[in-house]
Amino acid sequence: MASMPAVKTISPPTSQADEKYGETKGRLITISIMGKAYEVPAEATIMGAIEYAGHQIIRGAGCREGYCGACATIYRLLGDYKIRTGLACMTLVEEGMTLAQIPYVPAEKAIYDIEKLKPNVSAIEQMYPSVFRCVACNTCTRSCPQGLQVMDYVQAAKRGDIATVMDLSFDCVVCGLCMLRCPAEITQPLMGIMAKRLYGRYLRKDSPELAVRVKAVEEGAYNDEYAELMAMSREALSKRYYARDSE
Amino acid sequence: MYPEYMAESLRKVAQTRPRRLELARKPDPVYPPMNAEERRAVLEGFHPDFEPSARRTVRVGPNRDESLTAEVADLLESHSWLRSEQVNLDKPDFETDLLIIGGGGAGCNAALVAMKEHGMRSIIATKLRMGDSNSMMSQGGMQAAVSRTDSPTRHYLDAIGGGHFENKPELVRALTEDGPGVVKWLEDLGVVWDKEADGSMKVMHGGGTSRKRMLSCRDYTGAMIMRTLMDEVRNHPDMIEVKEFMPAVELIMDNKGRCAGAVLYSMDSEEFFTVKAKSTVVATGGYGRLHIRGFDTTNHYGATGDGLVMAYRAGAKLMYMDSVQYHPTGVSFPEQIAGFLVTEAIRGAGGQPLNKEGELFVFPREPRDVEAAAIIRECVQNGGGIQTPSGRVGVWLDSPLIDMLHGEGYTDKHFPAMYRQFIRYGIDIAKLPMLIYPSLHYQNGGIEINARCETDIPGLYVAGEASGGLHGRNRLMGNSVLDYNVFGRRAGRYAGEYAKTVKLGKLSLAHLDAYEKELADAGVQTSLVTPTLLPSYAPEDVKKRQLLRGANTLPGASVLQNRLHDERVGA
């Protein structure tokens with residue numbers, strides 16, 4: 001260890017926020033967070049900018065990497081009438097941007113027993129009948145920060161095509177922006193979750209070896225091998241480990 | 001886009017690619033894997049855990065006089081938010097069978113199994129929203145021995161070797177033996193696994209696997225599993241009550257030394273509530289947001305090790321809390337996503353780590369600690385890294401190989417999240433490599449459990465990343481997703497069983513006073529109040545202005561003080 005003087009440099013500086021914008025502090029731009037102007041680093045994400053402004057986010061941040069949908073945000077750009085949508089952790093600020101986070105979209109999840117549903121249009125009709133209000137305006141698709149073809153999966157749901165709903169909604173992060181913007185007031189992400197579950201439960205192709213393996217475990221087929229491995233000395237185990245073949 | 005000065009290095013990567021593609025097409029490893037001696041050398045020389053300042057002796061509690069990760073020792077040597085006399089325990093605000101602290105994968109599994117197997121009711125109390133957890137974020141997959149060429153015992157050998165033979169054997173057996181059953185449990189709940197045309201599970205390699213064992217749901221594996229579990233939890237509102245933005249801040253004991261619930265704190269109203277529970281499951285996850293050694297982290301916003309300190313104050317022993325997992329491939333550039341996870345499945349699919357000359361310097365699928373240390377060595381000792389504009393360093397992860405190996409469009413189809421993350425910055429990962437560096441990823445150790453998820457404290461169960469012993473000092477890829485499913489389910493089973501018979505005594509928070517006294521007796525001087533709950537990313541000048549607020553008399557007087565933990569004495 002002592003012979004590695006450079007090893008200290010492997011740790012980056014402490015403050016993520018400070019360090020992240022350390023180089024760009026000279027380049028500040030002005031944005032408006034819920035109507036109040038702040039100067040923030042020009043290269044920041046919306047989330048980074050909100051925190052740079054000193055806000056402690058409680059609602060409106062989750063995974064911070066684009067998976068959880070906690071940080072849905074709507075914004076307008078200078079001189080542009082359009083309402084735009086994005087995830088705060090993934091969207092970069094722009095000069096003159098005015099924004100608000102939408103950390104929660106009121107919506108009622110259907111309560112159901114997956115074992116009592118059928119993987120066809122009947123489940124959609126029973127649990128999410130609002131889907132049939134779709135006017136095919138495509139606003140949902142245009143508002144999706146993941147770039148999903150939301151309207152297409154709503155249309156598939158109307159046809160009872162559960163496999164297509166599963167495929168097209170697979171990457172949905174349930175930020176809720178589509179259902180906020182939908183003029184027909186459909187709750188697309190919630191319907192998508194049910195459809196994925198219906199696909200996984202009923203429409204999947206079963207794995208023959210999975211059932212065999214689960215049964216083997218239940219019958220104790222590996223008990224002896226486990227007993228042998230668990231009784232081995234560290235040296236013997238190490239030898240076995242380094243000698244094992246690889247696929 | 002990459003800055004102009006990296007163009008020369010990128011050209012070299014492209015130049016060596018055809019040769020490396022040939023290597024990847026052969027059955028032999030593209031670079032010689034390390035033997036035991038080589039592994040030890042790179043770890044001791046370059047893994048951040050081995051820096052002299054990485055660990056220090058903790059002066060209080062069940063692990064007193066043990067050497068722990070320094071930031072963990074700081075966390076444990078801290079004040080509670082509460083004093084026992086402040087809290088009225090005579091009339092609990094809520095009562096339940098199981099109190100589950102943490103709404104990630106382990107917590108949801110525990111609630112479902114306690115309900116299904118024992119008819120027990122649960123309260124899930126969670127700091128942010130249900131599902132705001134590292135469980136949600138796992139990209140690459142879950143290990144489970146389901147293929148014909150594999151077996152649970154082979155999985156055992158891989159896991160225990162990856163953990164340097166320090167894993168608790170009974171836990172590794174539980175993990176690997178329950179694995180196939182978990183795949184089925186999740187599939188029957190409606191998880192859509194990636195499959196081959198004949199219905200068999202699609203399996204890939206991960207670091208340290210000797211069989212292809214990584215199951216996936218594109219690169220949204222955690223999100224798919226988590227959303228399915230959450231949806232099922234929400235389908236049982238009569239049996240499982242979810243309290244969001246209500247983290248636990250201390251465990252409640254009874255006069256027989258059993259765990260009997262917790263004190264919750266409302267993030268919205270700053271009120272405290274008491275929950276009396278027959279059994280308590282800590283499923284609070286890890287500590288990446290403590291930014292150990294200043295590293296960027298892949299972890300979710302609430303990963304501040306809350307469960308560790310609560311359980312420790314109550315007397316639960318910790319295991320392997322001297323060991324930190326740095327994921328080999330965190331993003332180094334663009335700065336906006338620095339520290340973000342680049343799934344190990346990229347290497348599993350053929351991606352290769354390269355130095356600035358475009359040359360391989362390590363086998364791409366070493367166990368995580370070895371791979372991370374090798375990347376650090378390449379940058380620190382061999383000068384093989386590329387500097388970023390903000391002064392970070394990184395090596396290339398050559399992702400364009402993946403389409404060349406598996407066909408055009410493969411990256412797009414199988415790594416949509418990764419593709420999205422980079423294309424926003426003008427980097428098409430099917431055509432250009434990613435610049436990566438190790439990122440703080442996982443709490444290898446935790447609260448020591450047995451295969452029934454029991455701790456030293458009757459009535460206290462722990463599951464998932466908050467627990468310790470399963471992974472030894474190094475977890476393999478895909479074993480954490482399996483962990484939160486296997487042990488979340490086990491926690492629900494055994495905590496549910498226990499809740500059926502236990503008769504609680506008088507509730508007490510006396511352990512907090514005892515702990516405070518122990519701090520004083522050990523001469524610990526600190527202004528830190530924990531659980532930390534949330535990190536603060538305000539710039540230093542903003543923090544200083546925030547500190548002007550008065551009435552920050554410690555401990556536990558102000559949330560604000562807690563957010564300013566960087567300002568604490570001795571930090």
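A:R64 is placed in the loop between α2 and β3 (72-76) of chain A, and in this predicted model its phi is near 70°, a positive value in a residue other than glycine. With 28 C-beta neighbours inside 10 Å, A:R64 counts as buried, because 20 or more such neighbours are enough for that class.

**Backbone exceptions in chain A and chain B**

- Most residues other than glycine have a negative phi, and most peptide bonds are trans.
- A:M34, although it is not a glycine, has a positive phi of about 50°, and its place is in the loop between β1 (28-33) and β2 (36-41) of chain A.
- A:M34 has 10 other C-beta atoms within 10 Å and is therefore exposed, the limit for that class being 12 or fewer, whereas A:R64 is counted as buried.
- In chain B, the peptide bond that leads from B:F333 to B:P334 is cis, with omega near 0°, and B:P334 is found in the loop between β12 and α9 (345-348) of that chain.
- B:T530 and B:P531 are likewise joined by a cis peptide bond, for which omega is about 5°, and B:P531 belongs to the loop between α15 (510-521) and α16 (540-546) of chain B.

- Chain A has 11 helices and five strands, and of its 247 residues 43% count as buried.
- Among the contacts in chain A with a separation of 6 or more, 59% are between residues 24 or more positions apart.
- The interface brings 77 residues of chain A into contact with 88 residues of chain B.
- On the side of chain A that touches chain B, the elements giving two or more residues are α1 (16-21), α2 (46-52), α8 (188-203), α9 (208-218), α10 (223-231) and α11 (234-243) of chain A.
- Of these, α8(A) gives the most to that side, with seven residues.
- By class, the residues on the side of chain A that touches chain B divide into 37 nonpolar, 16 polar and 24 charged.

**Helix packing in chain A**

- Two packed helices are described by the angle between their axes and the distance between the axes.
- The axes of α5(A), which covers residues 150-159, and of α8(A) come within 11 Å and cross at roughly 55°.
- That angle makes α5(A) oblique to α8(A), and the crossing of the two helices is left-handed.
- From α5(A), the residues A:V150, A:Y153, A:V154 and A:A157 meet A:Q188, A:M191, A:G192 and A:A195 of α8(A), and the contact holds six nonpolar, two polar and no charged residues.
- Helix α6 of chain A (residues 162-169) has A:I162, A:V165, A:M166, A:L168 and A:S169 as its buried residues, and what covers them includes α5 and α8 of chain A.

**Strands and sheet in chain B**

- Strands of a sheet pair through backbone hydrogen bonds, either parallel or antiparallel.
- An open sheet of three strands in chain B has the order β11-β17-β19, with mixed pairing, and its edge strands are β11 (318-319) and β19 (467-468), each of which pairs on one side only.
- β11(B) pairs with β17(B), residues 446-448, in the antiparallel sense over two bridges, and B:M319 has B:G446 in β17(B) as its bridge partner.
- Helix α8 of chain B (residues 306-314) packs on this sheet and touches β11 and β17 of chain B, its direction making about 40° with that of β17(B).
- Strand β12 of chain B (residues 324-333) is largely enclosed by the rest of the structure, because 10 of its 10 residues are buried.
- β12(B) is joined by seven bridges to β16(B), residues 434-443, and the two strands run antiparallel; B:G330 stands opposite B:Y437 in β16(B).

- B:L89 lies in the loop between α3 (70-76) and β3 (94-101) of chain B, and it is partly exposed, with 18 other C-beta atoms within 10 Å.
- Apart from its neighbours within four places in sequence, B:L89 is in contact with B:I252, B:T274, B:L507, B:S508 and B:L509.
- The C-alpha atoms of B:L89 and B:T274 are separated by 7.1 Å, although the two residues are 185 residues apart along the chain.

Conventions:
Residues numbered from 1 in each chain as written. Chains lettered and ligands numbered in written order. Predicted model: local features only at pLDDT ≥ 70, side-chain atom pairs only at ≥ 80, totals over all residues. Contact = placed C-beta atoms within 7 Å. Helix = DSSP H or I, 4+ residues; strand = E, 2+ residues; numbered from the N terminus. Nonpolar A, V, L, I, M, F, W, Y, C, P; charged D, E, K, R; others polar. Axes fitted to C-alpha atoms, helices over the stretch in contact; angles between N-to-C directions. Parallel < 35°, antiparallel > 145°, perpendicular 65-115°, else oblique. Left-handed = near helix turned anticlockwise from the far one by under 90°. Pairing = 2+ DSSP bridges.
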